[in-house]
Amino acid sequence: MHVLVVEKSRKLLKELSVGLEQRGIEITSANTLQQAFRRLALNSFDAILLDLSLSDSEGIATFYRIRELALDIPIIVSTDLNEEDLALACVQAGAQGHVVKQAVSCDAIQRRLEFAIEETKVAKALQKSEKRLRIILENSYDAFISVDRSWQITDWNVQAERTFGWTKQEALGRPLSSIVPKHLRRQYARLVEKRFEKGDSGVLRATYELQAINRDGDQFPIEFVIFKIKEDLDYLYCAFVRDITESKRLNDELERLVAERTERLTQSNEELKQFAKIASHDLQEPLRAVQGFANLLHENTRGKLDTDSEEFIGFILDGTERMQKLIQAVLTHSSIRRDDATDPVTKCNDVIDDVLRNLSVTIRETEAVFDIDNLPEVSVERSHLVQLFQNLISNALKYRSKDKPPHIYIRADISGDYWLFSLRDNGIGIEPRYTDKIFDMFARLHGKTEYSGTGMGLAICKRIVNSHGGTISVQSEPGEGSIFLFTLPAVTKTRSA
């Protein structure tokens, strides 16, 4: 602590300097006003102890002159016993304290100086904080309004001036209801008062969308956020207001676009249903005819044709069978959709049991081994879940390694509102560059002579998972097997109740 001691009495000045320095305070002394001015010009001080009875002093004017040179430095005035009025005037003018020279000790002066310095620091911090808050409020994108408990406006920032058209001087003292149309004032007042009438906590908050009015009488929508702040025994209301005309317009436009898209999707779904209807009968009917006559031709000409002709008939039969399977797979893919009207609960372990029974012949032939966790219940229709697991397990059996029997692991872990499933095998694996392509319709990485199938199995899996809000992916390396990861919605407590 560095203190400037200004004292007329050289004896007292020396005593004060020695006493305060013994207490760890650095002292610079002056015994005239002119000396004090020079000291202030050359040094920086934490506080000033000022004698108002200097030979060149002008009473309280001396205090004002020192204050001009040391605006942010706390000043303790020192007077004689009979100068209390002068001391009081200085304190009222901004001095941080007063001591009587004949009746104060160095310990008391030290405490007074320390208190004045700390008080000044707090005041500066508060002033800085208030200044910062004012800058923030004045540069806010939101209009800021404060009102007293009588709902009279007590503060109004620059953005409020822009939003409503009234200057701060014009707005102060006006009722808050001035910013809303007359026919809505009672309704809004009851709305806000009802929200706050029973609140006893320090801060209460409410948010509304209201209709506002500006100085020109134009109405526009606002978002109105109001706080009720308890101050000792009284209350203060602060509101942040934002003109949401543009956001409302954008929201309306978004709703219009969503409605148009929904209508297009509905129409597309209807067209898809019509296609499925046609595919289920009209497209398959001529195919069945071709297949039937090809079978008759094969039976009637058995042993009568040359090798090439019999091979050609075999190609026809094989092609019609594959086409029939493709059409059925497309029908299955197009018919998969989640029914929001139902709330299914399906036990995965029961589904796995059904799938393993369905594939029991292939499982025995391949000597496949399964390692399956205790799986959860999911909010997926049972038939869809059977298709999903059966396609994935069939793939694991089909694309098995030639050197070892299939080993399939199935796990599940909770992840928020969804279960994350992993189905891992030890098969031939997939090139990483194809891990996205394999979920496309009719995607095949191998020739049909090497591995049979329509190329629709994983596309159906993806459709099932996506229709329930989940995702599916695969991680794989050639020769290292594959891990299929997919998420399905968990059964909530409401569903399980």
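## A first tour of the model

Start by selecting Arg256, which is partly exposed at 38% relative accessibility (buried means under 20% relative accessible area, exposed over 50% and partly exposed in between, with a 1.4 Å probe and protein chains only). Before you move on, note that this is a predicted model, in which local features need pLDDT of at least 70 and side-chain atom pairs count only at pLDDT 80 or more, while totals for chains, interfaces and linings use all residues. Residues are numbered from 1 along each chain as its sequence is written, and side-chain values use heavy atoms, leaving out hydrogens and water.

**Stop 1**

Helices here are DSSP runs of H or I with at least four residues, strands are runs of E with at least two, and both are numbered from the N terminus. Glu253 is partly exposed as well, at 32% relative accessibility. Now bring in Glu260, which joins Glu253 and Arg256 in a network of salt bridges.

**Stop 2: salt bridges across the chain**

The whole structure holds 14 salt bridges. For one of them, select Arg242 and Asp142, whose closest N and O atoms are 2.6 Å apart. Arg242 is in strand β10 (residues 234-243) and Asp142 in the loop between α5 (106-138) and β6 (143-147), so this pair ties together parts 100 residues apart in sequence. Arg242 is partly exposed at 39%, whereas Asp142 is buried at 15%.

Next, pick Arg411 and Asp373, another salt bridge, with 3.4 Å between the closest N and O atoms. Arg411 lies in strand β14 (residues 407-415) and Asp373 in the loop between β12 (369-372) and β13 (377-378), so parts 38 residues apart in sequence are tied together.

**Stop 3: the open sheet**

Show the strands as a cartoon and look for five of them in the order β2-β1-β3-β4-β5, an open sheet with parallel pairing (two strands pair if DSSP finds at least two bridges between them). At the edges are β2 (26-30) and β5 (97-100), each pairing on one side only. Zoom in on β4, residues 75-79, which four bridges join to β5; Ile76 has Gly97 as its bridge partner there.

**Stop 4: aromatic rings**

Select Trp156 and Phe164. Their ring centres are 5.6 Å apart and their planes at 45 degrees, so the pair is tilted (rings of Phe, Tyr and Trp, the last by its six-membered ring, pair if their centres lie within 6.5 Å; planes under 30 degrees apart count as stacked, over 60 as edge-to-face and the rest as tilted). Trp156 is buried at 1%, and Phe164 is buried at 0%.

Phe164 is in helix α6 (residues 158-164) and Phe220 in strand β9 (residues 219-231), 56 residues apart, and the pair links distant parts of the chain. To finish, select Phe144, Phe227 and Phe240, which form one aromatic cluster.

Methods
Salt bridge = Lys/Arg side-chain N within 4 Å of Asp/Glu carboxyl O.
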